[in-house]
Amino acid sequence: MSDLRELYQETIFDHYRRPRNCHAVPGANHCAEGYNPLCGDRITLYLCIEDGVVKDVGFEGAGCAIATASASLMTEALKGRTEAEVEALFERFHAMATAPADRPVSNEGLGKLAVLAGVREFPARIKCATLAWHTLHAALRDERGTVSTE
Amino acid sequence: MNLLEPVGIPDAQTVMAWRRDFPILRESVHGQPLVYLDNAATTQKPASVIAAEQAYYEHDNANVHRGVHLLSQRATDAYEGARARIARFIHAAGEQEIVYTRGTTEAINLVAQSFARPRLQPGDEVLITAMEHHSNIVPWQLVCAQTGAVLKVVPIDDDGALDVDAYERMLGASTRIVALAHASNALGTVNPVARLIELAHARGVPVLIDGAQAIAHLPVDVSTLDCDFYAFSGHKVYGPTGIGALYAKAALLEAMPPWQGGGDMIRAVTFEKTEYNVIPWRFEAGTPNIAGAIGLAAALDYVSAIGLEVAQRHEADLLAYADDALRAHPHVRMIGTAKEKLGIVSFVMDNAHAHDIGTILDQCGVAVRTGHHCAMPVMARYGVPATVRASFALYNTRADVDALLDGLARVQEMFPL
């Protein structure tokens, strides 16, 4: 049962109950939709990037606690970052969330995002945590259609 | 069933004996005893089914309809014997009316491609219902795209019951086939299939029944129902995965072209002309799932020995018990409250998303399904992205329902409102 507390940390509850940047962004120049068909999580991500820097970011959607908190934490982490920094953060987050549960993992440079490391113990929930990030990738590449975690 | 002999709810000892037939129920998950409530997805297998498959591989394994050697004969006898067992189980007129498939999905695709496709013209209609599983939607969408036919969907009411008046109105001069679930996997609703078939036949429209959910929980008599096609999967009736059956009236099968070509479905092949085999083998190209068929027959023997009516009463008792408790729960909203239901409870909870509930229940040892249950239009109908679904089988007990309720209490603790 202690594993559940590892997964559902206070920060996650906080961002689930009061998601930050949970709105469309006026003047967004990048946008993508993400969908996790396993649990029905859906998000739309809006990015405003000027001179290669994330000026504003927001999301809308319905999802489980992990997906919602992950999207909220991600939007907080992205503001003010360059596209190259965003890409590096994606890689670090992805590596943390998908690393084998029995191996130590580096939280370096992840800040608050490290609270999501608990998903490694719950393979069925990793996609909930990575949905927002895959959607971010699609938005940056301006891919059309809905990104799926499947 | 002898109608003079009252069949009550089986006692606790009887159910405990059934439980012992299922080795997997001795498993623990996350340090908790397994409480398996995901039976609408797949049922567990009794030892007799596992033993039947193993015995086949240890003693009889050979290809069927091929060799003159003894093992091939034994394999063929067991495989064809299983077909006869299936025919008896659903009261088909003969075993030539049973086509082996990989499951319900393949059976429906077979009917869509071999029966419906040659008959459909642009503007013709295929009639399904709003409670169908994706496997009884998508094959029809494919055939509609191929032929220009139109898919029509009969609505359901807020309880999840079919709108029979709308069904009757929608059965029109252009309707070429009706395809509907005997029972809904997402809502548990049992459709009044006898009446629905009668209404369709009155207009000369053939009917396919998707029996995936019903087969383990309701007695099925295709002769009395007079359905034209009945599709089901072995794994939902305590049998193996990868094997199922299509029942079809012999006269319809006779008139249907093959849908896959290969070995076993032919009589004689030259490069100029191929003569096809007779029914049902015409529809069974390639080496089949022999062990699966044998395992399925063992599963049907198993449930027949218990008696589906007896199991049905036990499951109805579990449903009533779970339904009462969940309806009394202040933060639970039931999805699917039709009068006629199988042992399926589908619900959402104010405290948390279905997926979070599923994770917490799993940690408590309780296996449920969370998500859209391959019935996304049903989820859309109720305006929910996903539900939690607990579905019962004959080996479940009230203690299993209590474990589910304890798990929901844990959800409330973790996700206080």
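Mentor: Welcome! Helices (H or I, at least four residues) and strands (E, at least two) are DSSP runs, numbered from the N terminus. This is a predicted model, where local features need pLDDT of at least 70, side-chain atom pairs count only at pLDDT 80 or more, and totals for chains, interfaces and linings use all residues. Residues are numbered from 1 along each chain as its sequence is written, while chains are lettered from A and ligands numbered from 1 in the order in which they are written.

Trainee: Which strand holds B:Arg369?

Mentor: B:Arg369 lies in strand S16 (residues 369-371) of chain B.

Trainee: What makes B:Arg369 buried?

Mentor: A residue is buried if 20 or more other C-beta atoms lie within 10 Å of its own, exposed if 12 or fewer, and partly exposed in between, with C-beta atoms placed from the backbone. B:Arg369 has 24 other C-beta atoms within 10 Å, so B:Arg369 is buried.

Trainee: Which residues is B:Arg369 in contact with, leaving aside its neighbours within four places in sequence?

Mentor: Two residues are in contact if their C-beta atoms, placed from the backbone, lie within 7 Å. For B:Arg369, with those neighbours left aside, the partners are B:Asp38, B:Ala40, B:Ala41 and B:Arg389. B:Arg389 is 20 residues away in sequence, yet 5.2 Å away in space, C-alpha to C-alpha.

Trainee: How many residues of chain A are in contact with chain B?

Mentor: On chain A there are 15, in contact with 14 residues of chain B. The chain A side divides into ten nonpolar (Ala, Val, Leu, Ile, Met, Phe, Trp, Tyr, Cys and Pro), two polar (the others, Gly among them) and three charged (Asp, Glu, Lys and Arg).
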